[in-house]
Amino acid sequence: TIALNAADEVAVAAFLKRQISFTDISRVIEGTVRETADTHPPSINQVLAADADARRLAWDEIASLSPSPALPK
C-alpha cells in the first residue's frame, strides 16, 4: 500500500503537469508496485524510506513513458 499510494501521488502530479496522459497513471502505478518488494516496515523511518523508494521508481516509470519529463529536484 505504501508503493501504491506513493506511485498514485506521483502519477497524478505528473498528469496535472501534463507530463503524462490520463491513461499513463495506471501504467505508472502498476510498474511501480510490480518493482516494489512486499514488506511490512516495522518503523516509521522504514515506511518513509519505502515511500521515497517508490516515488523514485514512479519517476523512473514516467521517464520510460515520455521523452523527457521534468523530474522534481
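A residue counts as buried under 20% relative accessible area, as exposed over 50%, and as partly exposed in between. The views below show a predicted model.

**View 1. The aromatic pair of Phe 15 and Phe 22.** Phe 15 has a relative accessibility of 29% and is therefore classed as partly exposed. Phe 22, with a relative accessible area of 60%, is exposed. A search of the whole structure finds one aromatic pair. In this pair, the ring centres of Phe 15 and Phe 22 lie 5.7 Å apart and the ring planes stand at 70 degrees, so the arrangement is edge-to-face.

**View 2. The buried face of helix H2.** Helix H2 spans residues 24-34, and its buried residues are Asp 24, Ile 25, Val 28, Ile 29, Gly 31 and Thr 32. Viewed down the axis of H2, these residues fall within an arc of 170 degrees and so line one face of the helix. An α-helix has 3.6 residues a turn, so residues three or four places apart point the same way.

**View 3. The largest pocket and its lining.** The volume of the largest pocket is about 290 Å³. The pocket is lined by 15 residues, of which Thr 1, Ala 3, Thr 36, Ala 37 and Thr 39 are the closest to its centre. Helices H1 and H3 each supply at least two residues of this lining, and H3 gives the most, with four. By residue class, the lining of the largest pocket comprises nine nonpolar, four polar and two charged residues.

Methods: Residues are numbered from 1 along each chain as its sequence is written. This is a predicted model: local features need pLDDT of at least 70, side-chain atom pairs count only at pLDDT 80 or more; totals for chains, interfaces and linings use all residues. Side-chain values use heavy atoms; hydrogens and water are left out. Buried means under 20% relative accessible area, exposed over 50%, partly exposed in between (1.4 Å probe, protein chains only). The arc is that of the directions from the helix axis to the C-beta atoms. Rings of Phe, Tyr and Trp (its six-membered ring) pair if their centres lie within 6.5 Å; planes under 30 degrees apart count as stacked, over 60 as edge-to-face and the rest as tilted. On a 1 Å grid over the protein atoms alone, a cavity is a set of points where a 1.4 Å probe fits but cannot get out, and a pocket is an open set with protein on both sides within 12 Å along at least five of seven lines; lining residues have an atom within 4 Å of a point. Grid points are joined across faces, edges and corners, and a volume is the space filled by probe spheres set on the points. Ala, Val, Leu, Ile, Met, Phe, Trp, Tyr, Cys and Pro count as nonpolar, Asp, Glu, Lys and Arg as charged, and the others, Gly among them, as polar.
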